[in-house]
Amino acid sequence: MLSSTLTELAPYVVCFILLILLLEQISYLRKKRSIPGPSLVFPFLGNAISLVGNPTKFWDAQSALAKSSGFGFSVNYIIGNFIVFIRDTELSHKVFANVRPDAFLLVGHPFGKKLFGEHNLIYMMGQEHKDLRRRIAPNFTPKALSTYSALQQIIILKHIKLWEKLSSENAPNPIPIRILARQMNLETSQTVFAGPYLDPEARERFKHDYNLFNVGLMKLPIDFPGTAFRNARLAVDRLIKTLGGCVGSSKVRMEEGEEPSCLIDYWMQDTLREIAEAKLAGNPPPPFSTNEEIGGYLFDFLFAAQDASNSSLLWAVTLLDSHPEVLSKVREEVAGIWSPALDSLITAEQLREMKYTQSVAREVLRFRPPATLVPHIAAVDYPLTESFKIPKGAIVFPSTYESSFQGFTEPDRFDPDRFSEERQEDQIFKRNFLAFGAGAHQCVGQRYALNHLVLFIAMLATLIDFKRHRTDGCDEISYQPTICPKDDCTVYMSRRCTRYPCFPAIELTK
């Protein structure tokens, strides 16, 4: 009898499912209107499979649609979400400039809130966001950047020596350096941000959890026990707790009047002063001053610094190898300013003197901006143009990559001289240079990130002879999750200098 009932109901169930699918298609087409994009989409998943399977091909197709139509943007459908891809620079600026409750919400990653939580820096706006950025500002003063620069160089040297040793042991075969560069960047971030508050054991746990997080970034948001996404979310919780503990330890040291040795220390110096002033006035502690809150914001910094920097270092190696005339000019400039034989760190003044090397770093960022897309969510039906409103709830992807190839002289050519004092294309085409974003959420640590890239280029070029192992398609773009060379930047390395410089050691615990 039950089977008979099910048989009778089956046609109605099938019709109901078909009706739902039809309504989904109609909803998509109503939002799409005449904008370029697929005419039909797979139920619920949309084009998620092609996005996850080959992100480069997917976004290239969106870009081609946006460019060929003349609209400057295109649309698609991913896991129940209507998406808008923006190629046009001015339309991208329109999104960046309108991050507010009645326009766009920055999400950083399509499923970022599920990973990062609701209250991190990425999702703040208005006065609250301005107040937090004001408190962060002391972390990037010239004095603070000089402290970080010393730490960066010590770690860069350590890893360059390791890479050269690995290359020698692996000869005559080349070595891929993507994972090696990630390890270097993770140690740099740990040391610059948390300094002596992470002992070696904590660093290993930190590394394990960050790897889980990184894997989860590239997976669908299936939040069940054992899935990569769930593992990533739990790893973020542990990372924030660890960083919160570092904040507490830093407060103790700074209260004792010790000199800052990392980013947390500079932050806590100013925070402790504000806490003391509030207590004296009989007021509650200032906002953004608890250990857990600051731990969450530190994780935002780590996320921003880690993968974006990894991408830039790999492309720097790739582009210097394919442009030997640029590499030669870098070596000539650095040799006139700094010598490894002196066993001295590159000073802030010497770093400023490396004008051409800085231009190379900026051109690397323009030519291959690490975070090619900056996801936002439309909080309302928003008029992107006179003829098209982005529907509420749509995920909007302004493309920093596409902007980098608009406006500039011969934009498809790798040309560091465009940033010279004579040509000043960084000023003339400033609106097209979006590697650090734009608007209220522009990267607050961009000077730190640029210094790291300049130091790496200067030291690698001076200390190491390197050559890419070139194969068909090795320079094609791969999303990891920021963009990297498809072959993981596979190189041969050998020591170039007579001997490596001798830098001071880093004290890992206090």
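## The sheet

Five strands form an open sheet in the order β1-β2-β8-β5-β3, with mixed pairing. Each of β1 (73-78) and β3 (104-106) has a single partner strand and stands at an edge, so one side of each lacks a neighbour in the sheet. From one strand to the next, the twist averages 30°. The model is predicted.

Strands of a sheet pair through backbone hydrogen bonds, either parallel or antiparallel. β5 (residues 376-378) and β8 (residues 395-398) take the antiparallel sense, over two bridges. Here histidine 376 stands opposite valine 396 in β8.

## Helices on the sheet

Helix α3 (residues 55-69) packs on the sheet. α3 touches β1, β2 (81-86) and β8, and its direction makes about 145° with that of β1.

Helix α4 (residues 89-96) lies across β1, β2, β3, β5 and β8. α4 runs at about 125° to β8.

## Helix α13

Helix α13 covers residues 324-335. At 1.5 Å a residue, its twelve residues should span 16 Å; the end C-alpha atoms are 16 Å apart, which agrees.

Which residues of α13 are buried? They are Val326, Leu327, Val330, Arg331, Glu333 and Val334. Seen down the helix axis, the buried residues of α13 fall within an arc of 165°, so they line one face. An α-helix has 3.6 residues a turn, so residues three or four places apart point the same way. The face turned away from the buried side carries exposed Pro324, Glu332 and Ala335.

Notes. Residues numbered from 1 in each chain as written. Predicted model: local features only at pLDDT ≥ 70, side-chain atom pairs only at ≥ 80, totals over all residues. Heavy atoms only, no water. Helix = DSSP H or I, 4+ residues; strand = E, 2+ residues; numbered from the N terminus. Expected span 1.5 Å × (residues − 1). Buried < 20%, exposed > 50% of the residue type's maximum accessible area, 1.4 Å probe, protein only. Arc of directions from axis to C-beta. Pairing = 2+ DSSP bridges. Axes fitted to C-alpha atoms, helices over the stretch in contact; angles between N-to-C directions. Contact = heavy atoms within 4.5 Å.
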